[in-house]
Amino acid sequence: MRERVSGYICLEYYNRRMRNNKGVNLGRYLKWQAFFMFLFCLLNTATGQIRYTIPEEMRTGLFVGDVGKDLGLDVKRLVSGRARLVIDDSKQYVELNRNKGHLVVKDRIDREQLCGQKSPCSIGLEILLENPLEFFSVTIEIQDINDHAPIFSKKEITLEISESTPIGTVFLLDTAADPDVGLNSLQSYSLKPTDNFALKQHVRPDGSKYAEIVLQSVLDREKQSEHLLVLTAVDGGDPPRSGTVKVHVTVLDANDNGPIFTDSMYKASVAENAAKRTMIIKVSASDADEGYNGNVNYSFTHIGEDAAHLFRINAHTGEINLIGNLDFESIQHYEINLQAKDPGGLTGASKLFIDVLDANDNSPIITMTSFSGRIQEDSPSGTVVALISVQDLDSGKNGQVRLSLEQNSPFAIKPSPRKYYTLVTDAPLDREKLSSFNLTLVASDEGTPSLFSKKTIYLDITDINDNAPVFSQSEYKTYILENNSPGVSLLSLQATDPDAGQNARISYYLIDTNVNGSPASTFFSVNADNGILHAVQTFDYEQMKAFKIHVRAQDGGSPPLDSNATVFVSVKDKNDNAPQVLYPVQSGGSVVAEIVPRSADVGYLVTKVVAVDVDSGQNAWLSYKLQKATDRALFEVGLQNGEIRTVRQVTDKDAVKQRLAVVVEDNGQPSRSATVNVNVALADSFPEVLSELTDFTHDKEYNDNLTFYLVLALAAVSFLFVTCLVVIISVKIYRWRQSRLYCKSNLPVIPYYPPRYADSVGTGTLQHVHNYEIYRTSDSRKSDIKYFGPVSQSLISVAASGTESLPKETRTSDCTESASTLQKPPSADWRFTQNQRPGPSGAAATPEVAMGTGPWPNPPTEAEQLQALMAAANEVSEATNTLTPGTMGLSTRYSPQFTLQHVPDYRQNVYIPGSTATLTPNPQQPQQALPPPQASQPEAPKAAQTPASKKKSTKKDKK
């Protein structure tokens, strides 16, 4: 729950008045009520004070009040003003959420611990805003909740009452303590049973309640010597809490008189710094009885725990001594109930009031309420550096304090209302002279003796950009050799800035002024970080000899400060130009000659070589030398002036045509030179000179590059010629070797037939032998065939022994004519039935073939396959055009009646194509005849195709 004085009270007051004045004229009532209520609200709002009410024991973080809304402050103002709470107490129970403007609970609040029995209980704090400095008072009232039950200090109260005690005698009972206040505090007592005693309740001036029992009937020890009572204390909370204590009453024999104190109330005072065992006061009581019943014992009744630890009474003498340490700042007054009791149980009561006197025992406490630790050096005098709070827990003069600075400094302390002090600037500040201060604050009180405390703070002076960069020199001079490389560094400029941080960060810039009509940036550049000056381009001394540029050093402050420096750059000359001959003028189209009469004396000035050098200094000093001459003994050249003079007398033996080569050389390192040719004619008349001028020959100057290209072209042509020659010779040799291989091969041919192919080779038994080779598949009857014409009518002769031979003439003609033989078109009627096919494929297979025991039962070896491959090339050249259309040139040998009986045994005779040799078996070995054909037997399976046969068929397909 929260309450704001400026609005909440006004509204409640208005509502209450409306309820209590229902019968009054509404118009008039509202008019006056609105006026006073509006005036009251304005007065309260102007104070800038707000008040909140919250219950105790709230959890941490719970909402207390919206300070920003109640004070009419924007959240931005709270953030920019660095709003904070200033609390007098050392413990902070609430905190301010600056971003929302809310007060929230920071720590658990125990009203009893905070205020004790004080009511109302409130926390005073202030909200401080800076820029500008503003204060707002906030009061938080802590409402009590019924969190404590009444408690008696003793578990049992023992009373000894004489039986002779008259009716109406009052007996004081121990009071129950309830830390709560208001309705939650102790409200009433009750006693059970009430046969002999009645209960009376009383209220002290401070509002506390205590109970007494009154004897309402005569006690008789002989009937009942003890009485047990129960005293109950109840508070007013909802729900109410209670505490009980047993009252044990012992009935004694008669004792007529009770003790009586000399004073009904005692008062005493003691200083808070009083030592322990100090006697505060001595009380006394008398008893009219005599003897044993007249003895009196003293004691405290109804004493709180705080007083019980501080005071002690001597039960026999009545002296009250201090046994603890007093603190005026905590408790200023103590009230103690005194009791005097005799042996008969009769008692007398009195009260003691003790006042605690303040002593100067607390030093002032310095608190930096607002302090950032830094200030700008340009702050004017009177600028607030810190807000300081000084508190002294003592009272009176002991609590009056003053604050000062211990050392001399450009700062001063000024008092502010509400025990605040401000630390302000009193003189101009200069960070470059002194960048920080250690200030010692001294706070002292007005007590005797005076107490003081010190606090040292560190104040940093922050920099502002009040110093411009300064170059080490206002003018710089440097030089650079001409023909420099672009980017070469010339000079390092250095500037300093006494400021700090970004204000001392220096950047260098080239002021882009015009230098000889061009911007300076086209010639130079400066590194912005280190100030190194670079040349952007190559300089030529002959074009520009000096530069004057300006460089700016600028810091990083805001606004930035800068300063300028002038840089003079001189370009130094290098010997980069050769001398140039001005006279005699060299002309390639005409010949200019100097005429020297033959009658010229020694020292005759023939001509003068005039040359210049655009360099300067020693690089421009020229010297002249005679390099070549037709007659070196006739002329000389002046070393310094270039004059050509005769050394001796001209004679008739001297040639008319004289050619001189003069070298002009400078004095640079290394030196450069130029050569000039001077033609001199020794003649007395001009016509004589004209006839000789046409005979002057000029030296041919060859272009070195042209010579190189001519040599390179000649080498390339020669290389291509040799390469072509080698290629042509290689091709000729290769063709010659191929022809030798085809026509003069003597290797045997061992035919090997791959599976599913049929071979038809002439064996020499036909009348007209057709030398051809055919490979067909099982479906070859549907394919075309290429054939050749016959070689001759009788190519192969069969000897009586059964061997076959080929005439040499025929074989030779085959090699020469095969290349020119044209292939004839095949006949459309060339197909045969299976039995009409020539060779082994057209004949029925024999049992030996089927079982692998016929001719060539096994595949040939690798050597035989190699021989067959080499012989394959000759078969193409031996083919002729003997095959005629329709019959394919076959004789009666290949008629349908042709059987295997007509085929020679290949194991006996092997025909080598292209050769007249026939390989025959050993005569000692018997020859086996082929078995008779069996047409009815099924065709034997063909052997598997070998890799050699694949290669052979592939080559033949390509051919």
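1. R82 has a relative accessibility of 33% and therefore counts as partly exposed; here buried means under 20% relative accessible area, exposed over 50%, and partly exposed in between, with a 1.4 Å probe and protein chains only. R82 forms a salt bridge with E130, with the closest N and O atoms 3.7 Å apart. A salt bridge is taken as a side-chain nitrogen of Lys or Arg within 4 Å of a carboxyl oxygen of Asp or Glu. R82 sits in the loop between helix 4 (75-80) and strand 3 (84-87), and E130 in the loop between strand 6 (121-129) and strand 7, so the pair ties together parts 48 residues apart in sequence. E130, at 11% relative accessibility, counts as buried. R82, R84 and E130 are linked in a network of salt bridges.

2. This is a predicted model, in which local features need pLDDT of at least 70 and side-chain atom pairs count only at pLDDT 80 or more, while totals for chains, interfaces and linings use all residues. Residues are numbered from 1 along each chain as its sequence is written, and side-chain values use heavy atoms, with hydrogens and water left out.

3. The whole structure contains 17 salt bridges. One of them joins the side chains of R51 and E141, at 3.2 Å from N to O. R51 lies in strand 1 (residues 49-55) and E141 in strand 7 (residues 134-143), 90 residues apart. Helices (H or I, at least four residues) and strands (E, at least two) are DSSP runs, numbered from the N terminus. R51 is partly exposed, with a relative accessible area of 23%.

4. E335 and K351 also meet in a salt bridge (3.7 Å, N to O). The pair links strand 22 (residues 333-341) to strand 23 (residues 347-357), the two residues being 16 apart. E335 is partly exposed at 33%, and K351 is partly exposed at 27%.

5. Strand 10 and strand 13 (residues 226-235) run antiparallel and are joined by six bridges. L191 has L231 of strand 13 as its bridge partner.

6. There is one disulfide, defined as a pair of cysteine sulfur atoms within 2.5 Å. The disulfide joins C115 to C121, with an S to S distance of 1.8 Å. The link is right-handed, with 65° about the S-S bond. Both C115 and C121 are buried.

Technical notes. Two strands pair if DSSP finds at least two bridges between them.
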